[in-house]
Amino acid sequence: MANFRGAAHLEAAMRAVLAQSERRLELILADDASDDDSVAIARAVAAGDDRVRVIASARNGGPAATRNLALDAARGDWIAIVDSDDLIHPERLARLVAAAEAAGADLVADDLVHFGAPAEGGRTLLQPLALAAPMWLGPAPYLRANGGDPALPAFGYLKPVIRRAALGSRRYDPALRIGEDYDLVLRLLIDGARFLLLPDPLYAYRRHAGSISHRLSVGTVEAMLAAHRALPRLADPEARAAAAAVDRQLRRALRYERLVADLKARRWSRALPRLADPAMVPRLLESLRDRRRRKAAAAQGPSAPAPLGSLPGLPPPGQPWDSPPAPVAGRIAATGVLPPGAPGWALWLVQATAGASAG
C-alpha cells in the first residue's frame with residue numbers, strides 16, 4: 001500500500017486489509033513523504049498489529065518509486081496491491097489466491113466498484129464485459145484496452161494479486177507518475193504470465209478530488225510514451241497491432257496535452273498551429289462537455305433508484321456467478337439501496353461505500 005497525503009482514508013484502508021479472513025499476511029505501508037498525518041496514523045495502526053510495517057520516505061519519489069520500496073520489503077508468496085483510500089471485502093485476498101492457485105494463474109484480479117464522486121458512481125470497471133465467469137486476459141486485449149477500443153475497460157486500473165515467483169526482480173518504472181500499474185502488468189504478460197479476471201465486485205475503488213490516476217500532463221504522457229516504446233518485442237501479430245494503436249493514442253494524447261498547456265499559458269503562437277490538427281478541436285470540445293456532465297451530476301445528486309431484484313450470492317472462489325454481478329454492484333454503491341435478504345457481499349458493499357460522496 002503506497003500512500004501520499006492520504007490521511008483522510010488511510011486508517012480505514014489499512015484496517016480493511018488487516019480484517020482479511022486470510023490472517024497470514026503482512027501489510028507494508030510505504031509513505032511518499034506525506035506532509036499530513038499519514039505516517040502518524042500508519043504507525044498508530046502498526047502499534048496494535050505486528051503484521052504492519054511502515055516505510056516513511058524522507059523525500060517524495062512518486063507512486064512507482066514508493067511501491068518499489070514496498071515490493072523490495074515484501075516477503076509473501078503473493079503480493080497484493082491496494083490503494084490507501086480504497087476498501088476491500090474481508091474474503092477478497094483468500095478468494096483471489098485460492099482462485100489463482102486452482103487455475104495456475106500468476107496474476108488475479110477482481111472487479112473495481114467505483115464510489116465516492118457522484119459522476120463516477122453506478123458502475124464497475126469490468127461492467128462492459130458482462131462477466132459472470134472468470135476469463136483469461138492476455139497481452140493483446142490488455143493493449144487494445146489502452147489503445148482506445150471502446151468495447152474494453154481500462155484494465156490498467158485493476159488491482160491484481162501477483163505471484164511473487166512471477167514478479168521476480170521486476171519493479172515499477174519510477175519515471176511513470178501515471179500508468180505504472182499498467183506498465184508493470186503488461187511487461188509481465190509479455191513475458192508469459194497468466195492473468196485471471198474474476199467477476200467478483202469485492203474491491204471498492206474510491207474516486208475523489210485527490211485522485212491523481214486520471215490527471216495527465218505533458219510530462220506524464222511523455223513518460224508513458226517512452227515506457228511503451230521500451231517494451232520488449234511482441235511476437236504475436238495481434239499484440240503488435242494493438243501496441244501500434246497504443247502508440248498512436250499516446251502520441252495524440254501528447255499533442256493534446258501540449259495544446260492545453262499552451263492555451264493555459266496563453267502561448268498563442270504555439271497553440272494556434274496545434275489547433276490545425278483535426279483531432280484536437282473535437283477532443284477539446286469533448287473535454288468541455290465531460291466537465292459539464294460531471295458538474296451537472298454533482299449538482300443533481302443521485303437519482304431515484306429503480307428496484308433491485310434478487311441478488312446473486314457469492315460463489316466459491318474462481319467459480320461462475322449465476323448472473324453478472326457488476327450492474328447491481330454499481331447500483332448498490334451509487335444508491336445504498338438493497339432488497340430484502342441481500343447476500344453478504346452486497347451488505348459489505350453498502351457499508352463500505354456509505355457516505356462516501358460527502359468525504
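Colleague: What does "partly exposed" stand for here?
Modeller: A relative accessible area between the two cut-offs: under 20% is buried, over 50% is exposed. The model is predicted.

Colleague: Why is leucine 285 called partly exposed?
Modeller: Leucine 285 has a relative accessible area of 42%. Buried needs under 20%, exposed needs over 50%. The value lies in between, so leucine 285 is partly exposed.

Colleague: Where is leucine 285 placed?
Modeller: In helix H11, residues 280–300.

Colleague: Why is helix H13 called mostly covered?
Modeller: Seven of the ten residues in H13 (344–353) are buried. Buried means under 20% relative accessible area. Trp345, Trp348 and Leu349 are among them.

Colleague: What do the buried residues of H13 pack against?
Modeller: Strands E5 (87–88), E7 (112–115) and E11 (203–206), plus helix H12 (326–335).

Colleague: How do you know that strands E6 and E10 pair?
Modeller: Pairing takes at least two bridges. Three bridges join E6 (residues 107–109) to E10 (residues 195–197), so the strands pair. They run parallel. Leucine 107 has phenylalanine 195 as its bridge partner in E10.

Colleague: What makes E4 and E8 edge strands?
Modeller: The open sheet has the order E4-E9-E6-E10-E8, with mixed pairing. E4 (78–80) and E8 (135–137) each pair on one side only. The twist averages 25° from one strand to the next.

Definitions and conventions: Residues are numbered from 1 along each chain as its sequence is written. This is a predicted model: local features need pLDDT of at least 70, side-chain atom pairs count only at pLDDT 80 or more; totals for chains, interfaces and linings use all residues. Side-chain values use heavy atoms; hydrogens and water are left out. Helices (H or I, at least four residues) and strands (E, at least two) are DSSP runs, numbered from the N terminus. Axes are lines fitted to C-alpha atoms, for helices over the stretch in contact, and angles run from 0 to 180 degrees between N-to-C directions. Buried means under 20% relative accessible area, exposed over 50%, partly exposed in between (1.4 Å probe, protein chains only). Contact means heavy atoms within 4.5 Å.
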